[in-house]
Each structure stands twice: as structure tokens, then as C-alpha cells.
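Subject: Structure for your files

Hello,

Here is the structure we spoke about, with notes on what turned up in it.

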Amino acid sequence: MRQSSNKLSISHQLKRLIEHRKITERWVTTLFFGVSLTSIITIFLIAFTLFAESIPFFEQVSFFEFLTAPEWTPLFENPKFGIMPLVAATLTTTWIAIVVATLLGVTLACFLSEFASPWLRETIKPILEILAGIPTIVYGYFALIYVTPFLQTFIKDLPGFNMLSAGLVMGLMITPYLTSLIEDALSSVGPELREGSLALGASRVETIFLVLLPQIKSSLIASLILAVSRALGETMIVTIAAGSMAALSWNPLTPGQTLTAFIAQISLGDSPHGSLSYQAMYAVGFVLFVMTLILNVISFFIRNRKV
Amino acid sequence: MSLVFLFEIEKCEVLMGIFSANKSLQDRIFLGVSVVVLIFVLGIIFALFGGLINQGLDRLNWDFMFSFPSRNPQKAGIYSAWVGSILVILVTAICSVIIGVITGLYLEEYAPKNWMTQIIELAIANMAGVPSITFGLLALSFFVIRLDFGESILTAGLTLTLLVLPIIIVATRESLRSIPLSIREAVYSLGASRYQVIRDHLLPYSLHGILTGVILAISRAIGETAPLIAIGALTFIAFLPQPPLEEQFPFVNFDWLFDNFTVLPIQMYNWISRPQEKFHVNAAATGIVLLIITTLLNLMAQIIRFYFRKKYSRQSF
């Protein structure tokens, strides 16, 4: 009699324990899911905020004028809002940075992955990682204080603020980042292809350019897109070194104001909340966000398709 | 299909022809070029560091560390800047670790493979890629104005939290993924619930990976300038925030969360953007401080990673 009641109570206790665990489990799952939504909420909030805050701007400036007009003078007496000068400066600094970073990054990645001894690779990779972690404001200082005067010794009438110096330093800043992305992709290629190619009599250089790089094509493109979106969004280097004069120019030897630099300029000044230039800041932010969003989504799907 | 294939072969042969027959020469040329590139990149960057240190080192002393910004470049210092940096990073570290680690755990251990999970992953990839200044714009309209936090330490900490969240999430996920499945199966077969598996096994084993991610995230947050400029952080702050600890009960005080602040990179930007040479020297000195902090944090992360990789490769669970 006593035994059976004991058994009953044990099974009862077990049941309660399992019930208790189920409840905990459900709560924890819900809580974790809720916290994970932070990322979606953030992206949604960014898109919504930028969109909603730039609506009043587009009530005063037509969308067509915004995209096509060749002048950007928001702080003048009679302001003009054509985003082309900002886009031109952004694209100019970006292409300079990407050319520099691609040339240096691909060469360095191939060297580290295919030629360097393990010892050298394990020495250089941490150095690159540290370089990738240096604040961009320090790179901006380099661009303004050292690189521009250095370039002025070659190019006589180079202004103190110019897009060339900003672009070059930005390329230098992106190089470690791009190198480690490409190096990771190269080292993910199995030894079969490498050995097969070498066994067929190809040199190492041929193996790299005809076998390995085509093999990692999709991650190469995804890495480049990431680098481009990084260059588009870089703020401090261009704010410090490229100046704050928005003139429509594709010439790297002139000053120029990028999309990000304009946002920084307005937030550093005292444009009151609700003024037209304050709203223009959000419109510019929205353009920047859409540009990088498209690039990021493309890069995301390229990377995931491969897997 | 076969035509395409033939074309590919032909293309390869043409390319092969362009590269000359002397294979070892090709390799040596490429090797030479890449060594030159390597030396060039490292050389330029270290030359720039050398210049920065050369210009700022004399200015870097205790007076500089414990003086407030001033109109006189000789008397100006970074006291309020480094105190502000520490407090902002404190907020960022606490919030981003909680949200980041939980998101990582959810995506690795709980999430079903469906469209919702796909969207969360896409959102995280986008958070990592969105320009940092857009986080600043979000913070300006949402934290500063909508929630009325003002241009405060709390706003800055939350903004940087969003910015570094992807770093911690990715680090947590990678660390969890490296734990062998057999451990999970063993613990489950002993009757543990999923929460118990996570609390008692997965979290302790992945701690070093998470820690590495957190350190890298902090290093990123310390140097980040653009989003804090966008929220309108003041650059001339000649006072300290209220102290977080006090002598009377309850000993902690959260008023500092709502104080105005400045941080190291903003102070540095402020000095760079002035035309006078003497302020540039101050900027260089601040740059040295930033360089030392980020380099030390990065080194720490790498040492942790190296130590644990060695440890786990030996005793393979």
C-alpha cells in the first residue's frame, strides 16, 4: 500500500517536473525569438525613419529635381537641391578606393594563400586584422595631414581638400578587410583542384588565375560588393579630407562632398529640427541606405546561393 | 553544351598562351610583385603611424589625459573624452552582449528553417552592411527625439549597440557551430531540456568565442565616430558626467545615462577640423591613444582565440 502511494507520488512529481520544464522551455523559446527580432525591427525602423522624415522634404522639392538638378546648395539663401554633385563625389571616391583595394587585396590574398609559408601567413594575418580595426578617424587624419601634402609634391595645383587623397586612403583602409575576405575564400578551396592543376603542368600563377579565382568567383564578387558598400558609407575620411564643397565634378583632383559628408556637415551645424536642410539630410540618408541595401541584398544572395 | 565547353577550353588555351612558357619565371615575377605590394602596404601604413606618433607623442602626458578641452591648445586635454568613451562603451557592451548572444543562440539552437529565420538572417547581414551614419540618423529621430533620451550617453550606447550587434551575433554563432554535435546528443540523451543544454554546456564551451567577438565589438565601438556625430554629440564638453557610484545608499546612480558627453574620436575630429597646427598635435596625441586601445583589444582577442584553438585541438572534447 505504502509502496504504491510512493510510486504514485513519484510519477506525480515527475509529471509536474516535466510540465514545469515544458513551460520554461516555451517561455525561453518565446523570449529568445522576441530578442532575435531586434535585427528586423532595426532595419525596418531605419527604412521607416529615413522614409518618413524625408516625406516633408519631397513635399517642397520635387523628386525629379532632386535626382537630376546639377546643384546642391542647401545652406544658401536660395537653396537648390540636386543630389547629383553628392552622388558624383561619392562614386568618385568609391571607385578610387575600390581600384586600390582590389589591386592590393587580390595580390595580397593570393600571395598569403598560395605562396607564403604558414609562418609568414600566421604573422601577417594578425597584422592585417589589427589594421582593419583601426578607427577610420585616424585614417582621415592620415589623409589630410600626410597624404595630401605628399601628393601635392607631384601634382602642383592640388587643393588641400581633394577626392584623390580621400579615395586612396579609403582604399588603403579597405585593403586589409578585402584581403582577409578573399583569403578566406581561397583557403576554402580544397587541395584537389590546386594539385590537379599543378599536376597538369600549370604554374602556380596559372593555377591562381585560371583555376582558383574562377572557382571562388561568386565569393569574390560578394566580397567586392561588401567593399563597395563599405566605401559608399565611409564618413570620416571623406568628411576630413575631401572637403565640404558640393560641386558637380568627376575629377578626383577637385574637392567634393559625398553623401555621408553632407549628413555629417548638417549634424555638426545647428540646423534646427524641421528645417529644410535638416529634412534634406534624411533624404540623402535615404538614398544612401537604398544604395547600400541593394548591394547588401545582392551580396547576401550570391553568398547563400553558393552554399 | 559541348560547344560552350569547347569554347571554354579554347579561351583557357589562349590565356595560357599569353602567359609565357617559362613557368617558374612567371611564379617568380608574381612572387616578386606580391612581396613588393606587401612591403608597400605595410610600409605606407607604418610610415603613417610613425608620423602620427612623432607628431603627438610629446603632447601625450598626464596633464593631457586629465585636462578638459580648452580654447588654448597647450592646455587642452582629453579627460572628458576618455571618461565619456568608457561610459558609452559600458552601455554598449551590456546591451549588445545580452541581445547578441541571445540572437546567436536562437538562430543556432532554436530557429526552424523557415522564411522568418531567413528574414532575420538577411536583416543581420544588412545591419552589418548599412553605413554606420544611417544608424546615427535612426538614433537622432528615434532615440533623441521620439523617445526623448536627448544627446546622452544612453543614446550613444544604444546606437553603438545596434552597430556592433552583427559582430557579436556572428561570433556567437560560429562559436556554437564549432561545438561537436555529439556533445548536444550526449546531454539530450541524459534527459536534459534544450535550455539546460544551452545553460550548462553550450554557453560555457562557446564562452571564449563569444568573448573574442565582444572584444572586437568593443574595439569597433570605441573608434566609431560618424553615428555619434549624426546624433549631435557635442564636441566641447568641459565637465564630467555624474559619477555612477556614490557613497550613500543605494550606491549606484543612473543619472549619468542622461548626461551630455564627448568621446575620443569626436574630440579628435574636433581638433582635426580646426585650421591651427597646434590643435593637430592634440589630434595626433588622441589618435595615439585610440591606436593603442584598439590594437591592444585586437591583440587580446587574437591571443584568446589562439590559446583556445590550441587547447581544444588537443583534447578534442
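**The interface between chains A and B**

Chain B and chain A bury about 7500 Å² between them, 78% of it from carbon and sulfur atoms; buried area is the accessible area (1.4 Å probe) that two parts lose on being put together, summed over both. This is a predicted model, in which local features need pLDDT of at least 70 and side-chain atom pairs count only at pLDDT 80 or more, while totals for chains, interfaces and linings use all residues. Residues are numbered from 1 along each chain as its sequence is written, chains are lettered from A and ligands numbered from 1 in the order in which they are written, and side-chain values use heavy atoms, with hydrogens and water left out.

The contact (heavy atoms within 4.5 Å) involves 85 residues of chain B and 80 residues of chain A. Two salt bridges cross the interface, a salt bridge being a side-chain nitrogen of Lys or Arg within 4 Å of a carboxyl oxygen of Asp or Glu. E25(A) makes a salt bridge with R194(B), with 3.8 Å between the closest N and O atoms. On the chain B side, helix α2 (residues 23-56) gives the largest share, 20 residues; helices are DSSP runs (H or I, at least four residues), numbered from the N terminus.

**Within chain A**

In helix α11 (residues 259-268) of chain A, eight of the ten residues are buried, meaning under 20% relative accessible area (1.4 Å probe, protein chains only), with exposed over 50% and partly exposed in between. Among them are F262(A) and I266(A). I18(A), in helix α1 (residues 2-60) of chain A, counts as partly exposed because its relative accessibility is 46%.

Regards

Notes
Helices (H or I, at least four residues) and strands (E, at least two) are DSSP runs, numbered from the N terminus.
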